[in-house]
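Subject: Structure for you to look at

Hello,

I am passing on the structure we talked about. Please open it alongside the notes below.

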Amino acid sequence: MSIKLISAAVLAATLSTAAFAGDMAFKVTDSYARSASANAKTGAAFITLKNMTDTDDRLIGVASPAAKRVELHTHMENDGVMKMTHVEEGFPVMAGEMIEMQRGGKHVMMMGLNGPFEQGATVPVTLTFEKAGEMEVMVPVDLERQPKEGHGMKHGKGHGEGHGNGHGAKHGSASDS
């Protein structure tokens, strides 16, 4: 065997192991995406992730061709009003633990949708982890799913059309994220 062939084989094995490790680092146990209406300019994805490794990691970024801008968001209470905010530092995912993105809490925010979310379709979402790298998830659109009890119930109006750059704006209802 030539040196070039051995080097190529080692490189191929290394790359396939890295891809396999990234694929197995996190397990998606539940996900769905939704928008408030067919004409909504914003949508959200809710993904439950389990860190299958023995190493703490952090979800630091998100992307999707479904929207012009995609960010990690959460809701926080400020003076009795729930406000949505961009979480620039991402979400920690401890070894062996899971994070559950839910309406009224952590979620993937999609602003400037490139088209309507249609029931039964799927939305590609790329999750970027600090250590595990990128992972693509196909998130099913479920416009009929209701929030889990206690989530998404205490918000004002206006999540759909008026989000724009509205970080800190009141919004969300039982039918929104």
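What follows is a short account of the fold, the core and the ring contacts.

Please keep in mind that this is a predicted model.

Overall fold. Of contacts between residues at least 6 apart in sequence, 68% are between residues at least 24 apart. The chain has 177 residues, and 40% of them are buried. Its exposed surface comes to about 9500 Å², with carbon and sulfur atoms supplying 55% of that area.

Core. The largest nonpolar core is made of 32 residues. Within this core, L49, M101, V108, M110 and L127 have the most contacts. Two or more core residues come from each of β1 (26-35), β2 (42-51), β3 (57-63), β4 (67-78), β6 (91-93), β8 (107-113), β9 (122-129) and β10 (133-140). The biggest contribution is that of β2, which gives five residues.

Leaving aside residues up to four places away in sequence, L127 touches I47, L49, L59, G61, V62, G133, E134, M135 and V137. One of these partners, L49, is also listed with L127 among the residues with the most contacts inside the core.

Aromatic pairs. There are two in the structure. F26 and F129 are stacked, with 3.8 Å from centre to centre and 10° between the planes. This pair joins strand β1, which holds F26, to strand β9, which holds F129, across 103 residues of sequence. F26 and F129 are both buried.

The other pair is Y32 and F46, whose ring centres are 5.0 Å apart. Why does this pair count as tilted? The planes of Y32 and F46 meet at 35°, and because stacked needs under 30 degrees and edge-to-face over 60, the pair falls in the remaining class. Y32 lies in strand β1 and F46 in strand β2, 14 residues apart. Both of these residues are buried as well.

Charge over a ring. One further contact to look at involves K106 and F91. The charged end of K106 sits over the F91 ring, at 5.4 Å from the ring centre.

Regards

Definitions and conventions: Residues numbered from 1 in each chain as written. Predicted model: local features only at pLDDT ≥ 70, side-chain atom pairs only at ≥ 80, totals over all residues. Heavy atoms only, no water. Buried < 20%, exposed > 50% of the residue type's maximum accessible area, 1.4 Å probe, protein only. Contact = heavy atoms within 4.5 Å. Areas by Shrake-Rupley, 256 points an atom, 1.4 Å probe, with all protein chains shown as cover. Core = buried A, V, L, I, M, F, W, Y, C linked by side-chain atoms within 4.5 Å. Helix = DSSP H or I, 4+ residues; strand = E, 2+ residues; numbered from the N terminus. Phe/Tyr/Trp six-rings, centres within 6.5 Å; stacked < 30°, edge-to-face > 60°. Lys NZ or Arg CZ within 6 Å of the ring centre and 35° of its normal.
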